Every structure is written in C-alpha cells, then in structure tokens.
Protein chains: 2
Amino acid sequence: MGIVFVDITTSLDGYVAAPNVCLSQPFGDYGACLHEWLFHPATNSDDVDAKVAQEMFANTGAILLGRTMFDVGEEPWGDDGAFGMPCFVLTHRGKSMLTKGPTTFTFVEDGLESGMQQAKAAAGGKDVCVPGGANLAQQCLRAGMIDQMRIHVVPVMFGAGTRLFEGQEPRAQKLGPPLIRQSHFATHFVYDMRHSR
Amino acid sequence: MGIVFVDITTSLDGYVAAPNVCLSQPFGDYGACLHEWLFHPATNSDDVDAKVAQEMFANTGAILLGRTMFDVGEEPWGDDGAFGMPCFVLTHRGKSMLTKGPTTFTFVEDGLESGMQQAKAAAGGKDVCVPGGANLAQQCLRAGMIDQMRIHVVPVMFGAGTRLFEGQEPRAQKLGPPLIRQSHFATHFVYDMRHSR
C-alpha cells in the first residue's frame with residue numbers, strides 16, 4: 001500500500017507563493033526564486049536537488065492537486081502535462097477530463113474524500129503526491145490524510161504571500177526528527193506524520 | 001565589532017508559542033515541548049543541542065528582549081536571572097533596573113533604536129542576542145538590525161499560537177544556504193542575513 005505525501009516548497013518565512021499569484025506569475029510577484037532548486041542545471045551526478053526531485057515521482061502513481069495550481073500550471077506544464085500520470089484536480093467548477101500525452105487531469109467536484117479515493121485507486125498501490133496548493137495541503141492535513149511531508153525550504157524571506165501552514169486545529173502533534181538534505185538552493189525535509197513521539 | 005543575532009525556537013509550523021501564554025505557561029497551553037532540546041540531559045560530550053545552547057552565550061555581551069518575555073521569564077529564570085550579563089527589556093511600562101546576581105535588567109522606554117544602542121554599548125564589542133519574543137524579533141528584522149538568525153525548529157505542529165514571522169514588508173530577500181545541525185529534538189539553523197545572494 002502506498003503512502004500519501006505532501007511535496008511543497010516554501011520560503012524561510014513559510015510562504016509557498018508571494019503576493020499576486022496569477023497566470024503570468026504562478027508563484028506571485030517575486031516567487032519564481034522558490035523553484036530554482038528544481039530547475040538549475042545539475043552540477044554533478046550526486047546533485048542533491050536532482051535526487052530530491054526524482055524522488056517526488058519515483059514511487060508515485062497519482063497526483064491530487066488544487067484548482068488554482070492547475071489553472072496557473074496548465075500552460076507552463078506544456079503539452080505532456082509534466083506529471084506523466086493520472087492527476088485529480090479538486091474543484092468547485094467542473095471541467096471535462098483533459099488528456100495531455102501521458103498525463104490525465106480529472107476534475108473532482110464531490111469533495112476531498114472522493115478526490116483522495118480516486119487518486120488512491122488510480123495509484124494502484126503506489127504513492128499519492130499532493131504538490132499543492134497550500135489550501136489543498138491544509139485540507140488534507142486537517143483530515144489526517146497525510147503520511148509524510150516533504151518540505152523544501154528556500155533561504156529567502158518573502159514577508160507576505162500564501163502561507164503553507166494555516167487554518168489547522170490547535171494541538172501539539174509531536175513528530176520524529178526529519179530526514180534532512182541541504183543543497184545550495186534549499187533545505188529538503190522529510191517528516192513522517194505517522195510516527196508521533 | 002560584534003553582531004546582532006536572533007536566537008529563537010519555533011514549531012515546524014512556525015509558532016514560537018502555543019495559544020494562551022501566561023505566567024504559569026510561558027510558551028502557552030502546550031508549548032513546553034519547544035524547549036526540550038535545551039533542557040534534556042546531554043547524552044554525550046558531542047551532544048549537538050548542548051553545543052548549540054553554549055553558542056548562544058559564547059560570544060554574547062548583552063541581551064535585548066521584549067517585555068512579555070521578561071514578565072513570563074522572570075520567575076523561571078530564578079535568582080541569578082539566567083543570562084549572567086546586561087539585559088535590556090524594551091517596554092512601554094517603565095520599571096526600575098533589577099539586579100539578579102550577575103544579571104541586570106534595564107527597562108528601556110524610549111524605543112527600539114535606543115534599546116539596541118544601549119545593548120551594543122553594554123556588549124562592549126561582543127554580540128547582542130535577541131532571544132524574543134517574536135514581536136521584538138519582528139521589529140528588529142523590519143529595522144534591518146539583524147545580522148544572523150539562529151532558528152531552532154522542533155518537529156511539532158501547533159496549529160495556532162504566536163508566529164515567528166509576521167508583519168514584515170513584502171520583498172524577496174535572498175539569503176545564502178544555512179548552517180544546519182540536526183538532533184533528535186530540533187533542527188538548528190544559522191542564517192546569515194548580511195550576505196544576500
């Protein structure tokens with residue numbers, strides 16, 4: 001049985017996007033620097049960022065994402081849809097299924113539980129990745145659906161924007177120490193959400 | 001010339017205290033776990049947490065702190081005032097200077113600039129440490145007074161409380177990669193604020 005993991009990049013001060021996210025600026029006014037770790041040329045075969053990026057897909061069988069992320073991502077993801085697997089888009093505004101090369105986008109209107117169920121079924125025993133946006137990640141966390149969080153913290157301060165952590169129940173949920181890898185561009189964390197201390 | 005550094009502990013979701021900070025709960029309802037890294041018995045002479053804790057004082061000549069931190073800290077810090085050096089408490093409510101063993105607490109009513117100047121003068125060429133609270137750290141960051149941030153991230157989710165990062169100007173302030181050390185209890189970051197990429 002696969003796991004469900006969030007895989008998301010934030011600024012040091014906890015923002016997944018700068019202000020004014022729109023089609024021409026998917027990560028807001030000055031948010032493009034968040035993803036340098038994904039797109040810089042690998043410096044060598046041991047490149048940490050390249051390894052971490054590969055792991056996002058290594059055992060992943062389906063993607064569950066939010067509608068805003070789809071809307072701002074559709075164009076940059078190009079004709080093959082980038083993910084190369086079944087993707088489920090949680091939305092309040094229905095849309096017919098899209099096929100882009102090896103990627104399918106299915107629009108789910110009947111809620112988070114249904115979206116997650118469909119993603120798990122499509123994953124066929126592999127993992128389900130929740131790459132964002134923040135609002136969907138928050139919904140999944142609130143619902144206790146997340147087994148693992150992979151957080152990439154970029155050494156930049158935004159001061160404002162869309163926060164990764166917001167709208168959760170007050171509690172002390174103790175986790176174990178994370179797995180950490182550091183590159184020039186980001187600190188990569190893996191937190192296991194299933195093994196509380 | 002010494003540096004000015006923030007030295008503060010947060011939850012994974014960015015809270016320096018859980019809700020309901022008061023005299024009997026200096027870190028809020030369920031915030032005590034934030035400081036296990038400081039108070040657990042050292043497991044061996046290479047204990048990461050013990051080293052990081054020592055570094056807080058190694059080259060520090062004065063402390064600048066906020067009034068709420070003083071109010072909730074005064075009793076737990078005990079008869080020697082814990083810091084063992086001149087401390088300056090930024091406040092709107094005046095109070096006579098306190099001496100507790102090797103520690104002095106001077107209450108500064110004429111603003112942040114004055115408090116920082118007094119702390120630097122008292123430090124006599126050594127570093128000034130800003131241990132909190134979050135509001136004072138935010139004021140110092142906004143004023144561009146911070147040379148280094150030492151952030152200790154504890155693997156716990158609070159969901160609510162007092163955020164470390166709040167009320168800053170929107171911007172993209174790119175920093176270099178942090179120095180990182182990992183213990184069972186916390187991930188210790190050192191970010192240099194003076195060398196933007």
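Predicted model: local features only at pLDDT ≥ 70, side-chain atom pairs only at ≥ 80, totals over all residues.

Residues are numbered from 1 along each chain as its sequence is written, chains are lettered from A in the order in which they are written, and side-chain values use heavy atoms, with hydrogens and water left out.

Let us start with the symmetry, where the copies are superposed by least squares on the C-alpha atoms of residues with pLDDT of at least 70 in both. A rotation of 180 degrees, with 0.0 Å of shift along its axis, places chain A on chain B with an RMSD of 0.0 Å, and that is the relation of a two-fold axis. Within chain A, the C-alpha nearest this axis belongs to A:Gly14, at 3.7 Å.

How many residues are in contact across the two chains? If contact means heavy atoms within 4.5 Å, then 39 residues of chain A touch 39 residues of chain B. Because 100% of the interface residues of chain A are also interface residues in chain B, the copies meet through the same surface.

The size of an interface is often given as the accessible area lost when the parts come together. Here the buried area, taken with a 1.4 Å probe and summed over both parts, is about 3200 Å², and carbon and sulfur atoms give 61% of it.

Strands also pair across the interface, strands being DSSP runs of at least two residues and helices runs of at least four, and a pairing needs at least two bridges. Strand S9 of chain A is joined by two bridges to strand S11 (residues 173-174) of chain B, and the two run antiparallel; A:Val156 stands opposite B:Lys174 in that S11 of chain B.

Now to salt bridges, meaning a side-chain nitrogen of Lys or Arg within 4 Å of a carboxyl oxygen of Asp or Glu. The structure holds 14 of them over all chains, and four lie across the interface of chain A and chain B. One salt bridge brings together the side chains of B:Arg163 and A:Glu166, at 2.7 Å from N to O.

Another, at 3.2 Å from N to O, joins A:Lys100 and A:Glu74. This pair links distant parts of the chain, since A:Lys100 sits in strand S5 (residues 98-100) and A:Glu74 in helix H3 (residues 67-77), 26 residues apart.

Note on methods: Buried area = accessible area lost by both parts, 1.4 Å probe.
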